[in-house]
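I opened this structure to look up a few side-chain contacts. My notes follow in the order I made them.

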Amino acid sequence: MRRIEIYDTTLRDGAQSEGISFSLQDKLLLTKRLDSHGFDYIEGGYPASNDKDAEYFQRLATEGLSTSRLCAFGMTRRKGGKAEEDEGLAALLKAGTSVVTLVGKASAFQAKEVLRTSLEENLRMIAESVDFIRRHGRQVIFDAEHCFDGWKADRQYTLKTLQAAAEAGAKMVVLCDTNGGSLPEEIAEITRTIVERVPVPVGIHCHNDCGLAVANTLAAVDAGATQVQGTINGFGERCGNADLIAVIANLALKKKGYEVLSPEAISHLTELSRYVYEMVNMNFPPRQPFVGRSAFAHKGGMHVSGLARVSASYEHIDPQLVGNERRILVSELSGRSNIVALTTKHNLQHDKKLMDKILAKVVAKERAGYQFEAAEGSFDLLVKQCAGTFRPHFERLHYRVNIESKSDGRIMTEATVKLRIGDTIRHEVAEGDGPVNALDAAMRKALNGSFPALRDMQLVDYKVRVINSEAGTAAGVRVMIESRDDHDVWGTVGVSENIIEASWIALVDSFEYKLCKEEERQPTREEEASKRREAPEAAGV
């Protein structure tokens, strides 16, 4: 079987999509999630473009990845300059990644009209930049921008750009349909020719301006491409990039003779897709192929009758293969499979009664507006509650938030909380920049004395989503809170028609999850006793 590498550029190309912005914490979380699914390459961004991307690479230089290779993205050197003096290339080296992706013009038209340079200088820019990065011990992937349009206009020059990159030491050249205007048969023919004439492996990078990015990507793979670049859910500039969710599913489940990721990773595609939508605060498109809520939804009559006999009668694959589910619309079974996947991580699948109880609880909460894909902290607490192992660390008695607008335009926010910790009642008040910040501050004042571990916990993100917009100002809202400490990052969720109450629910879950984690890290009494018994022996040694 031919191995097809999966190269994710959600954090760079996907971030160029209108309405999408990743925080530093978002980028780190998504990188870890992609790494856990075994993606071959993760493109983190352009380290010379902003401080956020620079810090992202600094953080990952110390934390590292388990399976994926992190890529820094940048451009070839500036025209008329030297690679050794180019600030952009220096930033790529400073990012410390073992792989660098360089983009350069593979089109004579683009070199002359956009770069405003000679064709010879463009070739030198490509070759010298690739050679410079390679000589510093980094692996280079060359993204040939406007490759297909350039080939159609002047194939000889486009071929020269690819050969220049290969001869300078690029590990791979990636053919980019940058304007997204090519058809599958064009992609296949051009890719096949280039594979035969370039001495290094070839990849494919398609945009979706004609709605053909996935089809074009698959055509390129059939023509010999061994790496596919794209984004989760097809995010990207204009009409987006090739949707890696659909590309991976098709390669793994439809195409014969290709190896991609792993069966376990494929079974989590629905969870991954929805995780990213939740991260960027977007609704899940119900009709998204493979992973949408409607992808395997059936509404009565002949279809349901056929499914009752043979599931393949109206489904092209078993939905569970991608972590999705069949839905008979009259019974509203939505949202279970991705939660089952999360539950499996807790090794509870052997306890069927407990599993049924958790699923029933999740379904009830999802009907009320909850989503757990990006709220694993709240989900873990729900599992503990269903299993009977959750013991609250404090009891919520009362809270109040007061917001006052001053005549000078200042807004004062004050929160009061009343909690019971064991036999002690704590009543604290604090000010904040907003209601959530004030509640957080007041809770810390009430809890820090009893739970000092909370001092290393901080809130890093806060998102609000209207659930039933048709209700207008009476609509329910879902609040997602991301928190972190020195060891972990987690999300929690709260739902209410009152945004403060929804925030309070999510905030309390965040504190409880942190305290539960601390308890799990503490050695048990048996472990402590064992250490005490071993201590004299160790001293004797």
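**Charges over rings**

I started with a lysine: Lys27 lies over the face of Tyr56, at 5.0 Å from the ring centre. My rule for a charge over a ring asks for NZ of Lys or CZ of Arg within 6 Å of the ring centre and within 35 degrees of the ring normal. I found an arginine case too: the charged end of Arg12 sits over the ring of Phe73, 3.7 Å from its centre.

I note that this is a predicted model, where local features need pLDDT of at least 70 and side-chain atom pairs count only at pLDDT 80 or more, while totals for chains, interfaces and linings use all residues. I number residues from 1 along each chain as its sequence is written, and side-chain values use heavy atoms, with hydrogens and water left out.

**Aromatic pairs**

I turned to ring against ring. I pair rings of Phe, Tyr and Trp (its six-membered ring) if their centres lie within 6.5 Å; planes under 30 degrees apart are stacked, over 60 edge-to-face, and the rest tilted. How many aromatic pairs does this rule give? The count is eight.

One of them joins Tyr370 and Phe372: the pair is stacked, with 6.0 Å centre to centre and 15° between the planes. I checked burial next, where buried means under 20% relative accessible area, exposed over 50%, and partly exposed in between (1.4 Å probe, protein chains only). Tyr370 is buried at 10%. Phe372 is buried as well, at 2%.

I then looked at Trp490 and Tyr513. Their pair is tilted, 5.4 Å centre to centre, with 50° between the planes. Trp490 lies in strand S18 (residues 489-496) and Tyr513 in helix H17 (residues 499-521), so this pair ties together parts 23 residues apart in sequence. For these labels I take DSSP runs, numbered from the N terminus: helices are H or I with at least four residues, strands are E with at least two. Trp490 is buried, at 3% relative accessible area. Tyr513 is buried too, at 11%.

I also noted a cluster: ring pairs link Phe235, Tyr277 and Phe284.

I followed Tyr277 into its helix. Is H11 enclosed or open? All 11 of the 11 residues of H11 (residues 269-279) are buried, so the helix is largely enclosed by the rest of the structure. Among the buried residues are Leu269, Glu271, Arg274, Tyr277 and Met279.

After H11 comes Asn281, whose phi is positive, near 60°. Phe290 sits in the loop between H11 and strand S11 (297-298). Phe290 is buried, with a relative accessible area of 5%.

Leu261 went into my list too: its phi is near 50°, again positive in a residue other than glycine. I place Leu261 in the loop between strand S10 (258-259) and helix H10 (263-266). Leu261 counts as buried, at 10%.

I searched the whole structure for salt bridges and found 37. The rule is a side-chain nitrogen of Lys or Arg within 4 Å of a carboxyl oxygen of Asp or Glu.

I looked up Lys514 and Asp456: they meet in a salt bridge of 2.9 Å, N to O. This pair links distant parts of the chain, 58 residues apart: Asp456 is in the loop between helix H16 (435-447) and strand S16 (458-466), and Lys514 is in helix H17. Lys514 is buried, at 0% relative accessibility. Asp456 is partly exposed, at 27%.

Lys514 has another salt bridge, to Glu518, at 2.7 Å, N to O. Both residues lie in H17, four residues apart, about one turn of the helix. Why does that spacing matter? An α-helix has 3.6 residues a turn, so residues three or four places apart point the same way. Glu518 is buried, with a relative accessible area of 16%.

Lys517 is in H17 and Asp488 in the loop between strand S17 (477-484) and S18, 29 residues apart. Lys517 is buried at 7%, whereas Asp488 is partly exposed at 27%.

Which residues join in the network? I wrote down Asp456, Asp485, Asp488, Lys514, Lys517 and Glu518, linked by salt bridges.
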